Amino acid sequence: MQQEADRLRWFKRRSLLLGMGTVGLFGTLAGRLWYLQMEQGQRYQLLSESNRVSERLILPPRGRILDRTGRPLADNVPTYRVRVVRELTRDLPGTLENLAQLVPVSPERIAEVVRQAQARPRFVPVVVREDLSWEEVSAIAVRAPELPGVILDAGTVRRYPEGITIAHVLGYVGPVAEPELKDDRDPLLQLPEFRIGKQGIERSYDPILRGSAGRSRVEVNAVGREIRALDRDEGTPGQDLVLSLDLDLQRFCMNRLAPETSAAAALIDVRDGGVLALGSVPSFDPTLFQNGISSRNWASLRDDALAPMVNKAFKGEYPPGSTFKMMTALAGLEAGVIDRHTRIRCTGSIRLGNIEFHCWKKGGHGAVDLVQSLEHSCDVYHYDVARRLGIDRLAEYAARFGLGARTGIDLPGERPGVMPTVAWKRARLDQPWHKGETLISGIGQGFVLATPLQLAVMTARLCNGGYRVSPWLARGGAQHATCCGAPPEPLGIAKEHLDLVLTGMYRVVNSPSGTARASALLTPGVQMAGKTGTSQVRRISKADRLSGAYKRKDIPWKQRDHALFVGYAPVDAPRFAVAVVVEHGGGGSAVAAPIARDILDRALQQGVARPMPPAPGEAA
């Protein structure tokens with residue numbers, strides 16, 4: 001009986017524990033259900049929605065680049081492209097090999113497409129080629145059954161209708177590189193089809209040309225495949241950019257330079273520094289970079305001794321030669337070491353210590369004043385003025401006219417040139433300055449280096465009354481706002497000194513004995529002024545000088561002198577300043593001056609008076 005009572009108590013106790021456990025379990029489940037439904041319901045609803053709805057970025061149209069009259073220099077055109085979807089083909093490399101038999105696809109590109117496809121979900125298309133011709137589209141369409149996973153569709157591609165004519169200024173766009181991803185958090189850069197500005201204007205103004213990404217919301221299944229579109233925001237297109245360049249003048253400038261092996265020219269408006277033409281030969285085709293340049297093409301451009309990728313107008317540094325003599329003359333007048341009546345006798349050379357410095361004219365020019373020294377390009381006159389000045393005072397005045405420092409043009413990679421001083425040589429070479437170096441600096445040789453753009457700016461500041469104009473390209477850009485928002489700052493040069501130097505430049509072209517007399521303007525009733533330059537690129541020995549061997553045209557091209565010319569027009573109301581450098585071209589008067597004359601003539605005839613359209617966002 002006692003045992004029966006014990007089993008009953010044990011049974012009741014176990015039943016009680018089991019009931020309490022069951023109640024606790026259901027209570028926990030109910031609490032968890034309440035927590036998920038009430039406390040976390042909204043969160044899980046959003047997660048569910050995000051699994052069902054996928055948000056994707058949309059490429060905005062890139063802003064166009066226009067010349068000063070509104071003609072397109074870079075725009076976007078619809079194009080056919082071919083893409084491949086990895087999940088629709090069993091053998092992706094084999095499919096691409098078959099495709100390459102119909103349209104040109106390099107082995108490097110095939111490897112890149114395979115790499116991209118393997119890095120993304122299997123159903124995401126990868127672009128193989130853009131800008132297909134109609135014949136290529138037809139060929140792929142006809143063979144479509146043999147190309148599983150290959151699809152044709154339409155997109156846009158950057159177009160440079162002027163090609164090599166303006167490639168150095170516009171630059172190009174290309175695929176985003178890894179370092180660019182680190183420096184820029186814009187989500188657009190994550191899109192494989194996005195193209196970023198790599199050089200030139202495309203790079204300088206990339207943030208405003210690229211616009212901002214659009215977004216589309218699509219419903220997807222459990223594996224992420226698109227089922228239907230829900231809504232779509234096209235984003236903000238990139239802004240159009242209006243340049244100061246005149247397309248007709250740019251074409252003319254490049255055509256005029258084209259016969260030369262390597263040359264550059266810059267034409268600017270002397271009133272505000274707007275660049276009207278910026279030529280450099282040889283040039284390159286910017287479309288080569290659209291989808292990533294092939295290693296073969298890149299090696300060809302990189303290894304070319306004539307450096308076709310370099311815009312020599314603002315990246316080429318050359319001894320300015322006699323085009324620098326205006327700086328020596330002006331500094332001498334301003335410093336008071338000479339005046340308008342100072343005459344210096346040229347016997348063909350000047351001696352400093354035991355070194356003899358020669359004039360280009362072996363027999364000498366006789367006694368010449370400042371104007372005559374420019375008209376005849378007498379070296380001895382400017383040797384002597386530089387000696388009286390000293391290098392530091394000469395450099396001070398040259399710097400006021402833009403030499404020895406970047407002009408600030410709104411293009412990447414501008415070179416600063418060199419305007420040496422005593423301190424510069426000590427810092428750069430850890431060597432003392434020698435007086436002989438001052439003499440050769442006075443004729444634009446030695447350490448002195450300048451870009452063609454700097455020489456055009458120097459000329460503009462001389463002929464515009466001595467005002468600090470700086471070059472710019474993009475209407476509405478930062479440099480344009482700086483240069484054109486307020487009257488240019490005066491350089492503090494006496495007008496009578498400027499007038500004296502300009503008289504010398506006038507006689508260079510218009511005097512019967514001027515060094516550029518043969519290059520007077522062809523436009524009736526209009527005159528230009530200027531200065532020739534012929535800069536040596538190697539040391540001339542006494543034996544070379546006696547034999548005249550250094551002047552022969554059969555010496556290696558690399559050893560020939562550079563030909564230079566700077567000028568402006570019209571003389572009575574200066575509007576345009578030009579600088580031309582022909583690498584190893586020989587004499588400035590024979591080679592560079594006619595090119596500069598033709599460019600100025602063209603600008604005058606065309607009358608680039610055509611007003612520029614308003615910048616984006618600017619009232620008409």
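Visitor: How many aromatic pairs does the structure hold?
Guide: Eight aromatic pairs. Keep in mind that this is a predicted model.
Visitor: Take tyrosine 172 and phenylalanine 289. Why is that pair called stacked?
Guide: The ring centres are 3.8 Å apart and the planes sit at 15°, so the pair is stacked; the cut-off for stacked is planes under 30 degrees apart.
Visitor: And where do tyrosine 172 and phenylalanine 289 lie?
Guide: Tyrosine 172 is in the loop between helix H6 (167-170) and strand E6 (173-175), and phenylalanine 289 is in the loop between strand E12 (275-281) and helix H11 (295-302), so the pair ties together parts 117 residues apart in sequence.
Visitor: Are those two buried or exposed?
Guide: Tyrosine 172 and phenylalanine 289 are both buried. They also belong to one aromatic cluster with Phe284 and Trp298.
Visitor: Switching to the backbone: which residues does the cis peptide bond with omega about -5° join?
Guide: Valine 281 and proline 282. Proline 282 is in the loop between E12 and H11. Another cis bond runs from alanine 569 to proline 570, with omega near -15°. Proline 570 lies in the loop between strand E19 (562-569) and strand E20 (576-582).
Visitor: What about phi of aspartate 430?
Guide: Phi there is near 55°, a positive value in a residue other than glycine. Most residues other than glycine have a negative phi. Aspartate 430 is in the loop between helix H17 (422-429) and helix H18 (435-441).
Visitor: Why does aspartate 430 count as exposed?
Guide: Because its relative accessibility is 58%, and exposed means over 50%.

Technical notes
Residues are numbered from 1 along each chain as its sequence is written. This is a predicted model: local features need pLDDT of at least 70, side-chain atom pairs count only at pLDDT 80 or more; totals for chains, interfaces and linings use all residues. Side-chain values use heavy atoms; hydrogens and water are left out. Rings of Phe, Tyr and Trp (its six-membered ring) pair if their centres lie within 6.5 Å; planes under 30 degrees apart count as stacked, over 60 as edge-to-face and the rest as tilted. Helices (H or I, at least four residues) and strands (E, at least two) are DSSP runs, numbered from the N terminus. Buried means under 20% relative accessible area, exposed over 50%, partly exposed in between (1.4 Å probe, protein chains only).
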